[in-house]
Amino acid sequence: MKKLFVLFCATLLVVASSGAALADWSPKRPIELIAPAGPGGGWDLLCRTIQKTLKEEKLVDRPVLVTNKPGGGGATGWNYLKGKEGKGEYIAATSTLLILNNLFEKSPLTYKDFTVLANLQAEWIAVAVAKDAPWTNGKELFEAIDADPDGMVIGVGPALGNDDHISFLMLAQKYGVDPQKIKFVVYPKTAAEQIPALMGGHVKAITIGLAEVMEQHKADNLRIIGISSKERLESLPNVKPWVEQGVDMVFPHWRGIIAAPGLSEEQIAYWQGTVEKMIETPTWKEQLEKLEWAPFYENPTEFAASLADQTENFQATLKKVGLIK
């Protein structure tokens with residue numbers, strides 16, 4: 001009996017020390033949020049929203065920095081993150097482009113090369129034209145593209161094969177236009193380059209995250225002619241979603257965060273707890289509302305399962321439309 005009691009006490013000590021380890025790990029150096037694209041794009045906005053919330057809500061006791069590492073459709077930033085194995089202070093924004101880059105054989109990286117942390121938000125994809133452009137809806141735009149594909153160049157960023165690009169190709173199919181006829185110009189710095197190109201007349205339209213063009217639309221510097229939401233948004237009462245324009249397409253664009261590979265259970269638990277506190281704060285909720293982002297939280301286990309499912313589904317879809325073999 002005495003031996004059993006000693007063994008029981010020893011077990012309690014192990015469990016208690018393990019629990020303490022889970023609770024006690026915290027960043028030992030400045031926290032670096034990696035936006036794998038230039039300033040102004042969706043990944044950058046997500047990192048700066050996280051930075052603002054962590055600091056203003058006092059959720060961490062270390063400095064929070066945002067580092068922009070554009071290039072390779074995100075691969076430059078993600079490769080940088082991959083080199084920080086085991087270091088829990090390095091986190092990068094991600095999206096479906098991590099999956100698509102791999103499917104298009106542009107990058108060997110997959111979500112399995114990192115520590116999956118959280119899915120955080122979703123937004124809708126917009127198609128915008130110059131404020132004085134003659135096209136006021138999707139039908140008119142795609143008729144013009146079909147009539148003169150070489151003269152109707154479309155801006156996209158940060159690379160081909162992302163949600164903005166694929167959603168536009170899907171729209172083309174819905175409007176009866178051969179997707180292979182469409183001419184795209186790629187802007188690696190996303191909004192920082194796409195918007196000036198549109199306003200300067202270098203492209204006829206852009207496909208882009210709604211938050212990235214909302215301010216310019218409201219300032220009447222450009223015009224959004226359609227969005228991928230399932231219904232009109234309160235902030236854009238005069239902009240019809242594609243489903244209202246006779247096109248059966250709803251397309252959310254999500255973004256989340258991944259960490260360096262090889263994080264311990266303690267590090268993952270720290271970030272899961274911190275993120276779950278973050279998404280309940282007034283600062284986070286106010287920023288999401290301001291950016292027209294919908295809450296879309298998934299914990300590490302849920303997010304990893306979603307990434308696995310999306311990888312399989314995207315592969316099947318892209319094969320169907322002939323974008324990959």
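Which residues of helix 6 are buried? They are Asp163, Asp164, His165, Ile166, Ser167, Phe168, Leu169, Leu171 and Ala172. Buried here means under 20% relative accessible area, exposed means over 50%, and partly exposed lies in between, with a 1.4 Å probe and protein chains only. This is a predicted model, in which local features need pLDDT of at least 70, side-chain atom pairs count only at pLDDT 80 or more, and totals for chains, interfaces and linings use all residues. Residues are numbered from 1 along each chain as its sequence is written, and side-chain values use heavy atoms, with hydrogens and water left out.

Start with helix 6 itself. Helices (H or I, at least four residues) and strands (E, at least two) are DSSP runs, numbered from the N terminus. Helix 6 covers residues 163-174. Its 12 residues reach 16 Å from first C-alpha to last, close to the 16 Å expected. That expected span is 1.5 Å times one less than the number of residues. The helix is mostly covered, with 9 of 12 residues buried. Just after helix 6, Gly176 takes a positive phi of about 80 degrees.

Now move to strand 9, residues 252-259. It is largely enclosed by the rest of the structure, because 7 of its 8 residues are buried. Strand 9 pairs with strand 3 (residues 90-95) in the antiparallel sense, over 5 bridges. Two strands count as paired if DSSP finds at least two bridges between them. Ile91 stands opposite Ala259 of strand 9. Strand 4 (residues 115-130) also pairs with strand 9, antiparallel, over 8 bridges. There Trp124 stands opposite Pro252 of strand 9. In a regular strand the side chains alternate between the two faces of the sheet.

Tyr90 belongs to strand 3. Its relative accessibility is 11%, so Tyr90 counts as buried. Setting aside neighbours within four places in sequence, Tyr90 is in contact (heavy atoms within 4.5 Å) with Arg29, Glu32, Tyr80, Leu81, Lys84, Ile258, Ala259 and Ala260. Lys174 is 84 residues from Tyr90 in sequence and 41 Å away in space, C-alpha to C-alpha.

Next come the charges. Side chains of opposite charge can pair when their charged atoms come close. A salt bridge here is a side-chain nitrogen of Lys or Arg within 4 Å of a carboxyl oxygen of Asp or Glu. By this rule the count comes to 11.

Which side chain does Arg255 meet in a salt bridge? The partner is Glu123, at 2.4 Å, N to O. This pair links distant parts of the chain: Arg255 sits in strand 9 and Glu123 in strand 4, 132 residues apart. Arg255 counts as buried because its relative accessibility is 3%. Glu123 is buried too, with a relative accessible area of 1%.

Lys139 forms a salt bridge with Glu143, the closest N and O atoms being 2.6 Å apart. Both lie in helix 5 (residues 138-147), 4 residues apart, about one turn of the helix. Glu143 is partly exposed, with a relative accessible area of 44%. Elsewhere, salt bridges that share partners join Glu123, Glu212 and Arg255 into one network.

Lys82 and Asp113 supply a further salt bridge, at 3.9 Å, N to O. This pair also links distant parts of the chain: Lys82 is in helix 3 (residues 75-82), Asp113 in the loop between helix 4 (97-103) and strand 4, 31 residues apart. Lys82 counts as partly exposed, at 38% relative accessibility. Asp113 is likewise partly exposed, at 23%.

Turn to the nonpolar side chains. In soluble globular proteins, nonpolar side chains tend to be buried together. A nonpolar core is a set of buried Ala, Val, Leu, Ile, Met, Phe, Trp, Tyr and Cys residues joined through side-chain atoms within 4.5 Å. The largest has 81 residues, and those with the most contacts inside it are Ile50, Trp78, Leu120, Leu141, Ile145 and Phe168. Strand 4 gives the most to this core, with 9 residues. Apart from it lies another core of 21 residues, among them Ala191, Leu198, Val203 and Ile206. Trp78 touches residues including Trp43, Ala92, Leu97, Phe114 and Ile258, not counting those up to four places away in sequence.

Finally, consider Asp44, in helix 2 (residues 42-56). Asp44 is buried, with a relative accessible area of 4%. Beyond its neighbours within four places in sequence, Asp44 is in contact with Ala35, Gly38, Pro39, Val66 and Asn68.
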